Amino acid sequence: MVLPEKHTIIKAVPEAESQLHEVRNRGTAALTPEWFEDVAVNLSAAERRAATLVTRRSVKKAWQAAWLVRAITCIDLTTLAGEDTAGRVRRLCAKAKKPLSSELQAALGLEEERITTGAVCVYPTMVPHAVKALEGSGIPVASVATGFPAGLTPLPQRLAEIRYAVDAGADEIDIVITREHVLTQNWPALYDEVRAMREACGPAHLKAILATGDIATLRNVYRASMVAMQAGADFIKTSTGKEAVNAVLPVGLTMVRAIRDYGALSGEIVGFKPAGGMRTAKDALSWLILMKEELGTAWTMPDRFRLGASTMLGDIERQLEHYATGRYSASYRHALA
Amino acid sequence: MEQIRDIMRTMEYGPAPEANEEVSAWLKARAAGIGHFIGGKFIASGKERFATVNPATEAELARVVQGSEAEVDAAVKAARGAFAKWSKLPGHERARYLYAIARHIQKRERFFAVLESMDNGKPIRETRDIDIPLVARHFYHHAGWAEMVESEFEGFSPVGVCGQIIPWNFPLLMLAWKIAPALAAGNTVVLKPAEQTPLTATAFAEICEEVGLPAGVVNIVHGDGRTGAAICAHEDIDKIAFTGSTEVGRIIREAIAGSGKKLSLELGGKSPFIVFEDADLDGAVEGVVDAIWFNQGEVCCAGSRILVQEGVAERFYDKLRRRMETLRVGNPLDKGIDVGAVVSAEQLQRVSALVKQGEEEGCTLWRAPGVLPERGYFFSPSFFTEVDPASTVCGVEIFGPVAVAMTFRTPEEAAELANNTRYGLAASIWSENINLALDAAAKVKAGVVWVNCTNMLDAGSGFGGYRESGFGREGAREGLYEYFVSDVEKALKPAKEAEIFIPRGAPEEERRFAGLSRIDRTAKNYVGGKQSRPDGGYSYDVLGKGGAVIGQAPLGNRKDIRNAVEAAAKAGGWGGVTAHNRAQVLYYVGENLDARREEFEALLSESTGQSAKAASAEFDVALRRIFYYAAQADKYDGAVHATKSRHVTLAMNEPWGVMGIVAPEEAPFAAFVSLVLPAIAMGNRVVAVSSTRHPLLATNLYQIFDTSDVPGGVVNIVTGEKDVLAKTLAEHDEVAAMWYFGGKKGSAMVERASCGNLKATWVSDGRARDWLDDRQARGREFLRRATQVKNIWVPYGE
């Protein structure tokens with residue numbers, strides 16, 4: 001395995017002005033298998049680390065409140081259902097613009113702050129509704145594409161779908177990869193596919209969904225992460241939310257380690273998005289702890305970290321209200337997404 | 001509330017203190033002094049007191065009474081008094097108490113976790129998630145054994161009153177490791193906690209009271225080394241179990257030599273942590289965190305010698321340095337702390353001095369960056385590179401959060417470096433190649449081997465060391481034997497003290513000769529598969545029937561033993577051949593021996609003066625023993641312990657290596673065979689000292705070994721003055737275990753002489769054994785004593 005003599009350690013950048021990072025991942029000029037072919041991921045070891053990550057750290061009181069608000073700013077508030085409509089998307093966008101009630105935001109001392117979710121995430125045909133609803137808010141619109149969730153539409157159509165979404169105003173495209181390429185270890189095919197999608201994205205940021213529940217092993221997760229990053233993914237994302245197992249910490253751990261290794265080898269920065277299966281405020285804290293511990297504080301900000309979730313926000317609101325009032329809250333008190 | 005806005009940018013963790021009001025109240029209520037727990041009563045009288053300090057704050061937590069000989073004696077009396085009834089209780093009754101203890105510990109889990117953290121300085125995360133759950137698990141597990149002792153340990157009885165001395169690094173867990181098996185087996189105990197950490201033992205005593213444990217079954221006496229010495233010296237204690245430093249282990253071994261006390265020692269370590277180039281490097285980095293930066297590195301089985309394959313070493317060190325940056329050192333009661341305080345100022349001083357020495361010797365120290373609290377005994381997690389096996393920090397157990405790191409080139413070299421230590425407690429092996437990992441696990445000399453994991457502990461697995469890390473196991477079935485004595489052994493009566501036969505190198509003045517009926521034969525020592533003349537050049541007269549001289553035997557000396565041990569050490573291949581192969585060789589020994597039956601029977605009669613019928617009977621026993629151990633060679637196998645899910649924990653019976661065996665004077669043929677055969681059947685190489693009076697049977701036997709494909713060096717035979725040879729053997733550092741069958745004095749001498757490398761000993765203590773009786777002189781007990789258990793943990797899953 002050819003590696004640089006010295007590995008640069010990525011320095012944390014605490015300030016995050018925007019949800020999108022300015023510098024994009026350029027990827028590698030060609031597939032570079034020696035960066036991942038010999039890398040081992042031991043399941044039991046990863047599980048132990050994941051299990052103790054969250055028992056080694058605890059955030060309480062004001063710190064917990066701050067972390068939870070930070071989590072809100074990282075949420076890709078999502079609706080990906082067959083019954084989505086313009087009205088549904090409009091309501092979601094309204095919540096994205098104002099995830100906390102004014103009273104609560106004031107009680108937390110954040111009245112001067114612009115608190116929004118990280119993005120809104122919808123199907124391509126819903127993009128125009130979202131763009132309209134979010135106009136002037138600065139909140140990016142993310143669209144899934146490429147035959148989400150299975151990704152088995154022919155490639156030209158998948159690329160066309162990306163272009164459609166971008167043309168409609170999407171700032172971010174959450175693509176799905178062809179799982180077969182991973183399952184058959186066909187890395188050139190995966191690299192070429194993601195490269196083509198990245199080109200189709202143009203200025204929109206590419207978030208590569210690896211469908212980790214489908215590709216099964218952590219070794220595959222690591223390798224697919226590396227290939228997607230080499231092909232220019234700006235973010236790597238765990239799941240579609242439609243798999244049997246979605247975002248879980250051992251998988252996330254493996255992906256963020258891949259981001260770290262890729263950064264050390266290439267000097268490029270890639271963001272991370274767990275998605276699916278995360279419902280509670282505690283989940284949000286766990287993922288933030290993972291990011292801070294494994295990649296540093298810079299990866300707890302929305303330009304490098306997103307949480308793909310819909311119901312998590314409601315739980316966070318309740319926890320924040322409890323912090324502000326000292327009383328346990330009820331869900332009906334908070335605006336629906 | 002500006003704070004939230006700021007924290008959103010820094011994403012600091014902030015403080016997350018665990019409340020300790022309950023523990024403070026408990027301590028306040030005991031401000032008059034923490035007393036002993038003797039005969040079911042708390043006794044805080046006694047003038048001398050010592051303070052126990054919170055190492056994180058340097059504040060005094062409590063004052064504790066120092067136990068003197070009088071308190072130890074009272075505790076032993078209470079334990080003895082309780083023993084009769086406790087040991088006779090049905091297993092189920094004892095199980096109920098152990099179950100209740102487990103339950104009560106769980107009910108008070110957080111109280112114990114906070115108290116332990118305050119007394120020891122370890123992070124609440126560890127006491128809450130590791131120490132206390134393992135304590136409860138240990139009592140549960142042994143409640144199970146208590147339920148089953150009658151059926152699972154038939155033929156075994158509790159030892160009696162056990163003196164137990166435990167260290168400060170895992171105060172309550174070590175207490176559980178000692179008390180749970182002792183009580184399950186039916187013993188009663190006198191336990192001394194470490195003087196640095198006496199508090200959870202006291203809280204445990206209150207639980208004993210709470211569950212109604214009969215008075216005297218558990219006694220706790222506080223104090224320092226003087227109290228420990230009083231326990232070791234007490235005549236009415238039947239067994240000593242000690243966990244602590246190798247230095248103190250040696251003192252204890254010496255102090256109780258010849259006392260007849262059973263002994264188990266769990267001592268220090270400098271355990272290798274081997275990272276092969278195909279390992280999950282990030283996983284292995286976390287392994288290091290769990291190995292040496294766990295419990296401030298105050299872990300006897302800590303992976304403190306990191307061995308990395310050269311090609312990945314720099315990358316691994318980079319990852320390790322990066323990981324070190326995120327370790328949080330500080331208030332142990334904060335829930336977000338990885339490393340707490342070292343137990344005492346003294347220990348901090350010791351760690352600091354060793355680290356300074358390492359730097360002075362030219363090793364490079366990598367220290368975690370964080371700022372340490374101003375008060376309290378804190379030390380930054382660190383590791384050394386540019387270390388060589390000759391560096392002080394590479395050989396000495398630092399017992400702090402400091403590892404040393406070295407590189408290796410080949411798996412062979414990894415094993416060589418791993419085993420280049422006096423210790424042999426644990427090893428951690430990181431590789432994704434199962435062939436490589438298991439090969440390394442087999443090669444490493446350690447009682448516990450963790451593949452792709454480290455510091456995994458469970459009551460269902462045995463724990464204990466090779467070499468100077470001690471002997472005996474704790475946990476699982478193998479650990480329970482430490483708290484039993486076999487009924488056969490217990491029933492043995494003292495032998496009639498026969499006059500010790502001192503062989504002379506010069507002919508006696510008055511001799512009678514049996515006469516020459518055949519060509520004169522020269523018996524020699526048998527060393528490395530060759531017959532060799534004694535180094536000293538002396539032989540002694542062997543007296544047979546009616547006191548007549550029937551021949552001469554070599555008068556072996558120190559150098560003959562040295563040569564024999566060297567030859568045995570070289571014959572390491574024997575342990576590696578298949579058990580079937582060893583069985584075949586042993587059967588062949590039997591076959592060839594049977595062919596020379598008449599000769600051996602005649603020699604037996606001629607030597608011992610016994611009748612032809614008796615000689616024939618002894619020969620038959622010996623022959624059957626050979627077949628028995630040939631049969632056992634591939635059947636005395638280990639176990640797969642049920643520990644954690646998705647793990648196999650393999651308990652393998654491994655040979656000691658080189659064993660010293662000193663055969664008794666009586667039954668010179670049957671006894672010799674009964675001792676040598678189980679040892680070699682299990683793969684040991686043996687240096688055997690035959691009966692001094694009747695050496696010719698043993699020397700006659702080497703011809704059989706020679707012609708039966710027993711590889712040279714597997715059996716070595718030296719004749720001569722028994723106790724002189726035994727002493728050299730017992731002192732020899734290459735000899736890993738020693739069996740001595742002889743007088744009380746010789747037994748004491750062997751135990752004392754074994755201190756050097758802390759070899760495991762089995763001595764007869766002057767008791768007679770009927771070597772022709774299968775119950776007394778044959779069986780699994782001999783095989784158990786011819787092996788040590790290695791537990792190999794292999795997690796699986798992809």
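Then select residues 1-16 of chain A, where pLDDT is below 50. Beyond near neighbours in sequence, that stretch has 25 contacts in the model, a contact being two residues whose C-beta atoms, placed from the backbone, lie within 7 Å.

Some housekeeping: this is a predicted model, in which local features need pLDDT of at least 70 and side-chain atom pairs count only at pLDDT 80 or more, while totals for chains, interfaces and linings use all residues. Residues are numbered from 1 along each chain as its sequence is written, and chains are lettered from A and ligands numbered from 1 in the order in which they are written.

**Stop 1: a helix in chain A**

Select residues 187-201 of chain A, which form helix α8. Helices here are DSSP runs (H or I, at least four residues), strands are E runs of at least two, and both are numbered from the N terminus.

Buried residues of α8(A) include W187(A), Y191(A), R195(A) and C201(A). Buried means 20 or more other C-beta atoms within 10 Å of the residue's own; exposed means 12 or fewer, and partly exposed is in between, with C-beta atoms placed from the backbone. Show α6 (155-167), β4 (172-176) and α10 (218-230) of chain A too, as they are among the elements covering those buried residues. Just after the helix, click G202(A), which takes a positive phi of about 60 degrees.

**Stop 2: where the chains meet**

Now bring in chain B. The contact takes 37 residues from each side, chain A and chain B. On the chain B side, α1 (2-10), α6 (124-152), α11 (281-292) and α12 (310-324) each give two or more residues. The largest share, eight residues, comes from α1(B).

**Stop 3: domains of chain B**

Colour chain B by its domain assignment: domain 1 (26-267 + 480-486), domain 2 (271-464) and domain 3 (507-788). These bounds come from an automatic or database assignment. The centres of domains 1 and 3 of chain B, taken over C-alpha atoms, are 40 Å apart. Where they touch, 10 residues of domain 1 meet 11 of domain 3. Helix α10 (residues 246-255) of chain B gives the most to the domain 1 side, with four residues.

**Stop 4: E266(B)**

Next, pick E266(B), where UniProt places the feature "active site" in an unreviewed entry; such annotations may be inferred rather than shown by experiment, feature names are shortened, and positions follow the numbering used here. E266(B) is in strand β10 (residues 262-266) of chain B. Is E266(B) buried or exposed? It counts as buried, because 28 other C-beta atoms lie within 10 Å. Beyond four places in sequence, its contacts include T243(B), C300(B) and G464(B).

**Stop 5: F471(B)**

Finish at F471(B), in strand β18 (residues 470-471) of chain B. F471(B) is buried, with 27 other C-beta atoms within 10 Å. Leaving out residues up to four places away in sequence, F471(B) touches S264(B), L265(B), G464(B) and A760(B).

Notes. The expected span of a helix is 1.5 Å times one less than its number of residues. pLDDT is the predictor's confidence in each residue, from 0 to 100.
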